[in-house]
Amino acid sequence: MESTGFDLVALLSQLSIGQCLALIGAAIAVFMAGCGSARGVGIAGEAGAGVIGENPDVFGQVLVLQLLPGTQGIYGFLIGFIVMIKLNVLGGAGNWTELSFAQGLQILAGCLPVAIVGWRSAIYQGRVAASGIQLLGKRPESSGQGISMTVMVETYAVLALLASFLIIWFAV
Amino acid sequence: MAIAEMKKLRLLALRKDKARLLKVMQKLGCVQVVEQADEAFPADTLSAQKLEELQKTIGRLDLAIARLSPYDMHKPGMLSLPPEAGEDQVTLAEAGRGDTMKVVERVEEIERTRGELRTRENRDRAQLEMLRPWEAMDVPLDKLGETRSALVWAITLPQKNLIAFEERIKALGPARIDPVSRVRDELNLLLAAHGSVREGVEELMREHGASIVRFEGVQGSAALNLDLLQGKLKRIEEVRAQLQQEVQQLAGHLPELRLLRDVEALERSRLEAGQRCIDTRSAFLMTGWVPAEKAEALKAALRKVSPECETEFLDPEEDEKPPTLLQNHRVVAPFETIVRMFSTPDPRGVDPSFVMMPFWVCFFGMMVSDAGYGVVLGLAAAFVWWRLGDRGLGKMAFILTMGGLSTVIWGSIYGGWFGTTPYKPVLDPMNDALKVLVLCVVVGFIHLVAGMCMSAYLSIKRGKPLEALFDQGFWLMILVGIPLILVNGTLGGIIAVIGALGVLCTAGRRKKGIVGKVLGGLGSLYGITGYLSDLLSYARLFGMGLATGVIGMVVNILAGLLWGAGPVGYVLAIAVLLGLHTFNLFINALGAYVHSCRLQFIEFFGKFYESGGRDFAPLREDTRYVMMSREK
């Protein structure tokens, strides 16, 4: 085969298994937490549109509630990015950090808490946010309570983020 | 940290002074009138009627204001205070009530006319749509129809049937069709035939799916009518434009409308309060709650307008629950809103605002944790606070100003400035992650201990120092003893063991029987897991701070990549920097706000808070659009 600008085989042969595992971990963290957040924000948004239809004045509070399930996606991205820093992906193709198989596995394992907890908790948080938005429609003055309840769910995403961070940070 | 002491006011005064007394109370804003019902004294129907009228007037004013507001030339901005109104303006507004209500009437009239115009327009447009296909047909529409000898019909026919239909019609003899127009697959035709073949024509029409169009009550040709309708619609548009102009002019009266609305609302509040009193023919008795420190001033003010009135201030009875009024230094006072967001404290409990405030501010700073963001947030919030004072958004702005200040301090310690680290930080959350995590848990530990001290303080204040020792003192010994083991093994161990034994012996003291007491003690000791999970909860201080820093860093890297792409890249890079940093600031400030509240509500308040109070809601000048000016 004629050599083109992009040679997949050559690129893959440059990567060790450890590096591949780490990259897979980063991808899982970003897309699972991201999908969860998209879903959670979507659930809250649907409820929000209904309530704003009846009372446009609560738009600001509804927006805050809708935004809350969005943080999990950010946490996932954050972990993915930390993996990229560890791998020195941004330093150019030739300068990647060398990772052993065990290190790669540790990074992949480290990505899982934020990926899985982020994914599920964002959806559950979206549901609580939707209920909070309904509450807002009935009693606009109780937005504080609705927001507090929604934040309870977030605790576990933050804990997962911490676990992921610590596992990855001390892997390399 | 204070919940204001309340006195129960009983006021006996002459009925003729009632209105003036209520006015004075409203001005002072320190009496919450309590509902009293006594069947021996019938309710005041006259004022009930007046109240209903007022309610209606306020509703009409609100509606007119809502209609006119979009055309307000001098719309008050979010960041400006509402106009002030003094005694003179109120008198003027009351004198000009007739004129102002005329404006309202005119607005309502215009609204009605607009509704009618809409109905007429819809009707005319529908007719226009029906006539348009027949524009080319010059037969007057009222001449269509059938007589004994002839029929002239306007019909519609599916296009695909045209050829067949035309042939069969021609075969009938004295009949013909003329095409007029086509709308999609339907043809519009004029059909003329001799009366003798009517049945044949009807039969053919049925077979080919044709139907007659009737124009009831329309005179003259379609073209003529179309012209007429166009003219009518144009007239409607003209009238509408005129009305629009008038509405814009009427919007100039908005200040009067708003003032009158508030004046009426003030009177409504007074009447509502007045209705809660017991009335006789010439006197009335009022009961209400007054903050103890305002009692003397109130008495003097009431005496001034009605020298005959009798007042007495009583302490609340054991089974009475006065409303809760939180009173704090003006630096702490805005944070009362956070406490009230959780719940209003019990009047016999404790106001946690004062103790909560430094922790709240500290946590907020740790979670936003970027000094650059702190500067931006603090300055923006300080500006809003400076404009609004303690009205409306002003309180929130003050809270965020303090939060911004704390963010600058923590950001400097962590070395975060807009996602960059310009100097070697005192504590680096990226490379000294464990140290920062420990710091967060230590801060949380202090927070928890403060919460337990509050609880102990409450017990001691109520004269139960032993309760404080049993329920908090021993626990404090455990909580302080365990970490102390790291420093001084024996001393820490002894303290912790004494504490644990203390809890074991005393926690089950209210249970019955030896077994119950022992189990109670063990169960309580198991509660140590609760403290552990509480402490871990403070790890979020680190997690949220980390999120801000890393996202800021990502933004900078992205912008850096764009910057390398030449002049277009510069513009894009600056846009990315501005947009994404703003987004990051917003989402993290929001997160820090709610998580800081959560740490107060669950971890801190959980230790001592007694909710279940009702907010003090005095008769006061609760206006919406104007600010009543304060006179001495």
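I take a helix axis as a line fitted to C-alpha atoms over the stretch in contact. The model I looked at is predicted.

**Entry 1: H6(A) and H19(B).** I looked up where helix H6 (residues 143-169) of chain A meets helix H19 (residues 539-563) of chain B; their axes come within 9 Å and cross at roughly 75°. Angles of 65 to 115 degrees count as roughly perpendicular, so H6(A) is roughly perpendicular to H19(B). From H6(A), I listed Thr155(A), Val158(A), Leu161(A), Leu162(A) and Phe165(A) in the contact. H19(B) contributes Ala539(B), Arg540(B), Phe542(B), Gly543(B), Met544(B) and Leu546(B). By class I noted eight nonpolar, two polar and one charged residues.

**Entry 2: Ser148(A).** I then checked Ser148(A), which sits in helix H6 of chain A. Its relative accessibility is 15%, so Ser148(A) counts as buried, the cut-off being under 20%. Leaving out residues up to four places away in sequence, Ser148(A) touches Met341(B) and Phe601(B). Gln61(A) is 87 residues from Ser148(A) along the chain, and their C-alpha atoms are separated by 13 Å.

**Entry 3: chain B.** I found chain B divided into domain 1 (1-43 + 275-321), domain 2 (45-129 + 224-274), domain 3 (145-214) and domain 4 (327-607). The C-alpha centres of domain 1 and domain 3 of chain B lie 88 Å apart.

**Entry 4: H2(B).** I checked the length of helix H2 (residues 45-68) of chain B: at 1.5 Å a residue, its 24 residues should span 34 Å, and the end C-alpha atoms are 35 Å apart, which agrees. Buried residues in H2(B) include Leu51(B), Leu54(B), Ile58(B) and Leu61(B). The buried residues of H2(B) pack against helix H4 (97-131), helix H7 (222-250) and helix H8 (254-275) of chain B.

Conventions
Residues numbered from 1 in each chain as written. Chains lettered and ligands numbered in written order. Predicted model: local features only at pLDDT ≥ 70, side-chain atom pairs only at ≥ 80, totals over all residues. Heavy atoms only, no water. Helix = DSSP H or I, 4+ residues; strand = E, 2+ residues; numbered from the N terminus. Expected span 1.5 Å × (residues − 1). Buried < 20%, exposed > 50% of the residue type's maximum accessible area, 1.4 Å probe, protein only. Contact = heavy atoms within 4.5 Å. Axes fitted to C-alpha atoms, helices over the stretch in contact; angles between N-to-C directions. Parallel < 35°, antiparallel > 145°, perpendicular 65-115°, else oblique. Nonpolar A, V, L, I, M, F, W, Y, C, P; charged D, E, K, R; others polar. Domains from an automatic or database assignment.
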